[in-house]
Amino acid sequence: SAVVRPEMREETQGLSARERGESCAIPSEAFRNLRHSVKAFCGMPPRRRLRRAKIFQRFSAEGENMSDIVREMIETRRALHRRPEEGWCEFQTTALILERLRALGYEPLCGTRVINPKAVMGRSHKKVEAAIERAREAGVSEELLARMEGYTGAVAVLETGRPGPVTAWRCDIDCVLVTESCDASHLPARE
């Protein structure tokens with residue numbers, strides 16, 4: 001179970017233990033990473049903690065607090081899980097990623113600017129065309145679909161202007177092809 005510092009309790013008030021990442025038999029990857037980040041943050045020297053905390057001040061300055069951000073993350077995860085997309089067919093997911101990155105001030109790249117078509121394996125043209133049509137029906141703009149050029153995934157670069165190591169973060173966005181229960185007793189179906 002995660003340790004919630006007294007000053008963080010108010011931010012997590014009203015969230016279930018599962019949403020806070022506590023007392024879960026098998027916590028989601030996101031909450032495991034969040035707990036790891038909190039532990040790493042608490043173990044940092046004070047100056048480094050202050051620099052890291054300044055990142056979160058942007059959210060407060062924009063009128064958002066951490067509980068709003070956590071709720072949005074949970075809602076987004078649930079929405080993505082309700083419409084799984086298999087490999088090379090993640091046009092709705094890629095559109096969401098591109099829109100969120102733009103909202104954060106990034107200039108995200110996609111399509112053949114980040115994918116080498118000659119290196120792509122296991123891509124079904126028929127499935128890709130069907131996925132593009134589903135994305136259109138779901139409201140993905142023609143402009144975004146044109147930018148994707150029939151390839152999914154996105155890249156964004158944060159230039160700090162400082163010398164030092166480069167960190168890359170990669171995340172799979174395709175689904176695992178399984179049929180999940182819709183029965184009300186199945187926890188993900190209830191959420």
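In this briefing, a residue is called buried when its relative accessible area is under 20%, exposed when that area is over 50%, and partly exposed in between (1.4 Å probe, protein chains only). By that scale glutamate 142, at 46% relative accessibility, counts as partly exposed. Welcome to a predicted model, in which local features need pLDDT of at least 70, side-chain atom pairs count only at pLDDT 80 or more, and totals for chains, interfaces and linings use all residues. Residues are numbered from 1 along each chain as its sequence is written, and side-chain values use heavy atoms, with hydrogens and water left out.

**Confidence**

- The score to know here is pLDDT, the predictor's confidence in each residue, from 0 to 100.
- Across the chain, pLDDT averages 77, and 66% of the residues score at least 70.
- For residues 1-12, pLDDT stays under 50, and the model has 14 contacts beyond four places in sequence for them; contact means heavy atoms within 4.5 Å.
- Residues 16-39 also have pLDDT under 50 throughout, with 25 contacts beyond four places in sequence.

- Helices (H or I, at least four residues) and strands (E, at least two) are DSSP runs, numbered from the N terminus.
- The expected span of a helix is 1.5 Å times one less than its number of residues.
- Helix α5 covers residues 66-82, and its 17 residues reach 24 Å from first C-alpha to last, close to the 24 Å expected at 1.5 Å a residue.
- The buried residues of α5 are Ser67, Ile69, Val70, Ile74 and Thr76.
- An α-helix has 3.6 residues a turn, so residues three or four places apart point the same way.
- Helix α6 has 13 residues and reaches 18 Å between its first and last C-alpha, close to the 18 Å expected at 1.5 Å a residue.
- In α6, the buried residues are Phe91, Gln92, Thr93, Thr94, Ala95, Leu96, Leu98 and Leu101.
- After α6 comes glycine 105, which has a positive phi, near 95°.

**Salt bridges**

- A salt bridge is a side-chain nitrogen of Lys or Arg within 4 Å of a carboxyl oxygen of Asp or Glu, and by this rule the count comes to 6.
- One of them joins the side chains of glutamate 72 and arginine 100 (3.4 Å, N to O).
- Glutamate 72 lies in helix α5 and arginine 100 in helix α6 (residues 91-103), so this pair ties together parts that are 28 residues apart in sequence.
- Both partners are partly exposed: glutamate 72 has 33% relative accessibility, and arginine 100 has 35%.
- Another salt bridge links arginine 170 with aspartate 172 (2.8 Å, N to O).
- Are arginine 170 and aspartate 172 buried or exposed? Arginine 170 is exposed, with a relative accessible area of 69%, and aspartate 172 is exposed at 52%.

**A look at arginine 136**

- Arginine 136 is found in helix α7 (residues 125-137), and it is partly exposed, with a relative accessible area of 35%.
- Its side chain meets that of glutamate 142 in a salt bridge (2.5 Å, N to O).
- Glu133, Arg136 and Glu142 are linked in a network of salt bridges.
- Leaving aside residues up to four places away in sequence, arginine 136 touches Glu142 and Leu145.
- Arginine 136 and phenylalanine 91 are 45 residues apart in sequence, with their C-alpha atoms 9.2 Å apart in space.
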